[in-house]
Amino acid sequence: MSFSAQSGAWLSSRVPRCWWWRRRWQQPSCAAEGPAWSYFGGSRPRTILDMSYSRHFLDFQGSSIPSSMKKLVVTKLSQNFREAVTLQQDSPVPLPGDGDLLVRNRFVGINASDINYSAGRYDPSVKPPFDIGFEGVGEVVALGLSASASYTVGQAVAYVKAGSFAEYTVVPAKQAVPLPSVKPEFLTLMVSGATAYISLKELGNLSEGKKVLVTAAAGGTGQFAVQLAKAAKCHVIGTCSSDEKGGFLKSIGCDCTINYKTENVESVLRKQYPEGVDVVYESVGGKMFDLALNSLATKGCLIVIGFIAGYQNPTGLQPVKAELLPAKLLKKSASIRGFFLNHYLSEYKVALKDLLEMYERGDLVCEVDFGDMSPEGKFTGLESVFRAVDYMYMGKNIGKIVVELPHSVNSKL
């Protein structure tokens, strides 16, 4: 199926290289002991960026790279994000290794699964404290020698890696995605866009004329499911929680919108689609899962990409009527498929390349919600990540929720 119509280290020779590193680690003088790289692990050379005088580093915009930074850390496992996560004010700025980039984050993405991560549901063996946040966009401000073969200081990149809720993040160069500029729209594609693209392509078996139901259609990933299904010439139905969201969905091609706050979704589907829908892109869970299952057509497929309605519960689940599930599937020769992006990483690069090209051509809307309409205003700074998560779970967002991390440049050149 096709979704589209075309488907050396950075070192400054002008700054002192010894005194701060000696003061911090009580090491002998650089002049006495040899090259500064020896202080990373004894006398054995390592071909990595020398950050031993990082307090004096100047990034590409002429401001100092600090020795400490703010970041969010999970200090207690809990589905209550505010209870689980702590803002640390003075964490050390990490050092990039030979194949790494040091990225100054400018925008970070909020995902419903941030709560699952802070609750320890993805890997029960991992114990606090650990870093949180899945995706970021920013500029390279330092890099290792091997990484410098492909990247340069000042280059815009995006990445998917745990630990993005920080002012600076070390990212393996092989995991970074070079960008033409630092724009929040690119961030929407990294997890949300890729999830919609790969799940529909691999599991949806979309083709012209199929009826596709997208739940939470105006959300970060729902917006892409709608557009990609339309690009495959499907008839798309989207559920949402307000007329404003319904208007947005119509603007990106949704054929039918259902406001579940004012309409009975099951009744609307039964009346307008008596033979059922062929594909459901489902991220809500609970009662929405039940009615979506009941609305499947013969040989229909329900794709589970999440169940946000249960994430804030202690178990992470909200009850569904599963007792009759075997009979319902058998009666319709229907299927339920789960999708977890980590299991499809072999498809990721191709998907992201196609999504980026679609956006650059103007064939894809990447709606960003900075929280401007939230009670306390725009999500700015790591402190606002807590508000942004709350905003998502209140169902207020249209598009992908993004937090901006401002950076003031104090020129020293």
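In the predicted model, helix 5 and helix 11 are oblique to each other. Their packing angle is about 125 degrees, and their axes lie 9 Å apart. The crossing of helix 5 and helix 11 is right-handed. On the side of helix 5, the contact involves Glu-185, Phe-186, Leu-189, Met-190, Gly-193, Ala-194, Tyr-197 and Ile-198. These residues meet Tyr-348, Ala-351, Leu-352, Asp-354, Leu-355, Leu-356, Tyr-359 and Glu-360 of helix 11. By class, the contact between helix 5 and helix 11 comprises 12 nonpolar residues, 1 polar residue and 3 charged residues.

Helix 5, which spans residues 184-204, also packs against helix 6, which spans residues 222-231. Here the angle is about 45 degrees, and the axes are 9 Å apart. Helix 5 and helix 6 are therefore oblique to each other. The crossing of helix 5 with helix 6 is right-handed. Helix 5 contributes Thr-188, Leu-189, Ser-192, Gly-193, Ala-196, Tyr-197 and Leu-200 to this contact, while helix 6 contributes Phe-224, Ala-225 and Leu-228. The contact of helix 5 with helix 6 contains 7 nonpolar and 3 polar residues, and no charged residues. Leu-189, Gly-193 and Tyr-197 of helix 5 take part in the contact with helix 6 and also in the contact with helix 11.

Helix 5 and helix 11 are also found at the largest cavity, where each gives two or more residues to the lining. The volume of this cavity is about 40 Å³. Its lining consists of Tyr-197, Ile-198, Lys-201, Glu-202, Glu-347, Val-350 and Ala-351. Helix 5 makes the greatest contribution to the lining, with 4 residues. By class, the lining of the largest cavity has 4 nonpolar and 3 charged residues, with no polar residues. Among the lining residues are Tyr-197, Ile-198 and Ala-351, which also belong to the contact between helix 5 and helix 11.

A further space is provided by the second largest pocket, with a volume of about 370 Å³. Of the 17 residues that line this pocket, Glu-244, Lys-245, Tyr-391, Lys-396 and Ile-398 are the closest to its centre. Two or more lining residues come from each of helix 7 (243-251) and strand 15 (368-369). The lining of the second largest pocket divides into 7 nonpolar, 3 polar and 7 charged residues.

Two features of the backbone were also identified in loops. Pro-128 and Pro-129 are joined by a cis peptide bond, with omega at about 0 degrees. Pro-129 is located in the loop between helix 4 (114-118) and strand 4 (130-131). Ala-216 has a phi near 50 degrees, which is a positive value in a residue other than glycine. Ala-216 is situated in the loop between strand 9 (211-214) and helix 6.

Definitions and conventions
Residues are numbered from 1 along each chain as its sequence is written. This is a predicted model: local features need pLDDT of at least 70, side-chain atom pairs count only at pLDDT 80 or more; totals for chains, interfaces and linings use all residues. Side-chain values use heavy atoms; hydrogens and water are left out. On a 1 Å grid over the protein atoms alone, a cavity is a set of points where a 1.4 Å probe fits but cannot get out, and a pocket is an open set with protein on both sides within 12 Å along at least five of seven lines; lining residues have an atom within 4 Å of a point. Grid points are joined across faces, edges and corners, and a volume is the space filled by probe spheres set on the points. Ala, Val, Leu, Ile, Met, Phe, Trp, Tyr, Cys and Pro count as nonpolar, Asp, Glu, Lys and Arg as charged, and the others, Gly among them, as polar. Axes are lines fitted to C-alpha atoms, for helices over the stretch in contact, and angles run from 0 to 180 degrees between N-to-C directions. Angles under 35 degrees count as roughly parallel, over 145 as roughly antiparallel, 65 to 115 as roughly perpendicular and the rest as oblique. A crossing is left-handed if the near helix is turned anticlockwise from the far one by less than a right angle, and right-handed if clockwise. Contact means heavy atoms within 4.5 Å.
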